Amino acid sequence: MLEIKPIFHALCRSKVGAILLLIQIAITTAIVSNAAFIIQDRVAFLNQDTGYPEHDIFKFNVMTFGQDVDINQQIELDETMLRSLPEVIDAAMSSSIPLSGGGSASDFSLKPAPQEGLSVRTAYFFIDDHGINTYGVNLVMGRNFSEDEVLVTNNVDKRPSVTIVSQTLLNELFPKGNGLGQTIYFGETPLKVIGVVEKMMSPWLKDSRPDNLAFIPYINAKSLAQFVVRTKPDQRDAVMKEVENLMLKNYSKRVINNIKGLDELKNQYVAADKLMMRMLIVLITILVLVTALGIFGLTLFNISKRTKQIGTRRALGARKSAIIYYFLVENAMICGVGLILGCIAALLLGQLLMQHFSIAALPPSYIAGTAIMVFVMSLLAVFGPAKRAANISPSIATRTI
Amino acid sequence: MLKMNNISKLYQTEMVQTHALRDFNLHVDEGEFIAVTGPSGSGKTTFLNIAGMLEPFSSGEYLLDGIDVGKLNDNQRADCRNQKIGFIFQGFNLIPDLNLYENIEVPLRYRGIKASERKRRIEQCLEQVGLASRAKHLPQQLSGGQQQRVAIARALAGEPRFLLADEPTGNLDSLMARQVMELLEQINRDGATIIMVTHDPELARRAPRNIQVVDGQLADFTLYQGAQNLKNVAGA
Ligand SMILES: Nc1ncnc2c1ncn2[C@@H]1O[C@H](COP(=O)(O)OP(=O)(O)OP(=O)(O)O)[C@@H](O)[C@H]1O
Ligand SMILES: [Mg+2]
């Protein structure tokens with residue numbers, strides 16, 4: 001049965017179609033392996049744990065236009081009202097919203113500005129002692145703010161003195177792990193680290209430091225404020241529907257809008273990534289289909305070109321299985337060379353992408369997986385036509401000139 | 001060696017039924033050289049295809065070497081063709097992408113003969129047809145006569161007991177045709193049974209036994225030559 005040498009020689013003598021197919025297989029392998037890796041990377045990114053129970057949290061904006069009220073006081077009233085709702089677990093005013101793509105960030109340093117010291121970029125929220133509970137994050141070390149550590153003021157000269165930070169931020173500032181209780185500097189303001197949260201993502205998932213975040217207990221409400229509410233599971237929709245009325249009932253000279261779930265904010269932020277991922281999936285599906293069709297078509301073409309030859313082979317004693325085998329081996333040869341070139345091209349393309357975009361190095365397992373997939377697909381594509389070839393009658397040998 | 005009893009072959013197409021063979025009876029003994037003649041469309045190729053197991057027949061009985069061909073499955077027929085029968089075609093039917101050596105190797109590979117033995121046989125057969133120096137050439141680099149000699153070498157390589165040739169000289173000029181005929185006669189002297197379809201009366205006359213197919217049957221006035229063949233008539 002082993003006919004590999006003559007099949008190879010025959011292939012070498014009529015190679016145009018084979019070379020075209022081989023190039024197609026190489027390109028498919030190179031693109032599909034890289035695209036599959038990027039897709040996987042995006043899926044991991046989209047499905048990552050953010051530290052928040054996203055489906056139970058929502059935010060809304062409050063724009064106060066009434067001049068007859070002290071906003072700080074009004075906010076306390078609002079918070080009390082929200083926290084008393086039976087569906088609500090906790091609520092707080094938050095200067096920025098995680099996962100939303102908008103917020104504030106600064107360098108937190110081991111030395112007060114303008115001295116030079118180790119400094120790390122981090123997002124920060126001004127939020128009160130209900131922040132931890134409202135965001136549902138896990139305080140793993142230290143303690144929450146006490147009520148009197150929360151600075152509620154209209155005086156910008158007053159400064160808070162404590163902070164709660166995410167574990168990654170603390171580890172970056174204190175690699176030895178002795179950060180709890182130490183003082184870090186927000187500009188020139190010293191803040192003592194009193195608590196550490198296991199995980200809480202900043203407003204920017206695509207930031208180079210997406211999980212550096214600090215809570216600072218400072219309330220200085222402006223006419224535009226953002227509230228965050230965490231409800232009991234499955235009760236968020238009801239509260240979201242009611243919240244505008246409830247807020248306006250408390251005080252009416254303001255606008256409540258932008259009522260959005262945390263998951264919705266995240267989806268908006270990652271919409272482009274999702275789109276890219278879908279496009280890549282479509283792209284590689286099309287590529288694989290086109291390659292499969294190419295193999296299918298080339299085999300059909302080869303068969304019609306070689307009808308007489310196949311009949312002659314049958315007349316000379318080839319079993320049907322030998323004819324099928326012939327086309328499978330021929331395809332495996334084309335595919336094999338194509339895959340070798342494809343793997344090299346995949347590596348080169350991966351390096352190119354790594355250099356020009358922020359993409360990690362393509363793991364060899366993706367190339368191997370893609371190569372195996374393309375190989376199996378090519379065998380499947382060739383099998384149908386090969387079976388047809390096997391059914392060519394040996395009498396063709398005497399009936400065609 | 002070959003016995004056909006009441007073989008019929010019916011081609012069924014959408015519009016017409018063609019009785020390519022009707023109650024065809026023929027006995028062939030080991031070592032015979034038979035030339036088959038007859039008008040175009042009379043069923044000569046059909047007869048040869050059935051004899052070579054390239055096509056099934058509609059009814060009747062066909063025994064080759066005592067084997068009931070009608071009872072063989074597809075793989076068995078392929079193996080039987082491979083082992084017992086050598087084919088020579090009007091169009092030579094060499095595989096264009098294989099060189100001469102590889103062309104002759106094709107049936108030997110299907111038989112699973114090992115490489116050293118294949119080499120021995122191929123070289124011997126190429127020698128026999130006078131093309132030993134051209135083993136690495138491709139078919140298109142040869143003249144028609146040379147190509148047909150390669151095809152004969154391919155048919156011989158498997159050392160078949162039975163050679164079937166459908167107008168082997170049909171595409172050749174008379175000089176080439178005579179060379180091919182001489183080669184076939186030599187092969188016959190070496191022991192192979194040959195059935196050759198031809199339109200050339202001169203070549204047919206050189207064969208010891210002539211049969212004529214007319215309208216799907218052996219013609220009544222078929223000439224039998226030699227006592228051995230007379231015996232066959234009695235047998236039929
Ligand atoms: N595949 C087929 N389908 C239908 N009819 C066929 C088929 N093959 C042959 N025939 C018919 O069977 C009859 C016998 O054909 P065959 O090829 O055996 O003739 P032949 O004697 O070899 O003719 P020629 O001398 O021209 O080669 C013809 O009428 C032909 O048209
Ligand atoms: Mg014919």
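The C-alpha centres of domain 1 and domain 2 of chain A lie 55 Å apart in this predicted model. Domain 1 of chain A is made of two stretches, 4–47 and 271–397, while domain 2 covers 66–252; these bounds come from an automatic or database domain assignment. Residues are numbered from 1 along each chain as its sequence is written, and chains are lettered from A and ligands numbered from 1 in the order in which they are written. Local features need pLDDT of at least 70 and side-chain atom pairs count only at pLDDT 80 or more, whereas totals for chains, interfaces and linings use all residues; side-chain values use heavy atoms, with hydrogens and water left out.

For residues 281–394 of chain A, an unreviewed UniProt entry lists "domain: ABC3 transporter permease C-terminal", an annotation that may be inferred rather than shown by experiment. Over residues 281–394 the chain is 86% helix and 0% strand, with the end C-alpha atoms 45 Å apart; helices (H or I, at least four residues) and strands (E, at least two) are DSSP runs numbered from the N terminus.

Thr163(A) has its place in strand E7 of chain A, residues 162–166. Thr163(A) counts as buried because its relative accessibility is 0%, the term meaning under 20% relative accessible area (1.4 Å probe, protein chains only). Leaving aside residues up to four places away in sequence, Thr163(A) touches, among others, Phe145(A), Ile184(A), Leu191(A) and Phe215(A), where contact means heavy atoms within 4.5 Å. The side chain of Thr163(A) also reaches the backbone oxygen of Phe215(A) at 2.8 Å.

The contact between the two chains takes 30 residues from chain B and 27 residues from chain A. The area buried between chain B and chain A is about 2,700 Å², of which carbon and sulfur atoms give 52%; buried area is the accessible area (1.4 Å probe) that two parts lose on being put together, summed over both. In chain B, Asp97(B), Arg109(B) and Tyr110(B) lose the most area to chain A, together 26% of what that side buries.

Four salt bridges are found across the interface of chain B and chain A, each a side-chain nitrogen of Lys or Arg within 4 Å of a carboxyl oxygen of Asp or Glu. Glu102(B) forms a salt bridge with Arg13(A), and the closest N and O atoms are 2.9 Å apart. On the side of chain B that touches chain A, helix H1 (44–51), helix H2 (74–84) and helix H3 (100–111) of chain B each supply at least two residues, and the largest share, six residues, comes from H2(B).

Key
Buried means under 20% relative accessible area, exposed over 50%, partly exposed in between (1.4 Å probe, protein chains only). A polar contact is a pair of N or O atoms within 3.5 Å; within protein, one must be able to donate a hydrogen and the other to accept it, and residues adjacent in sequence count only if both atoms are side-chain atoms.
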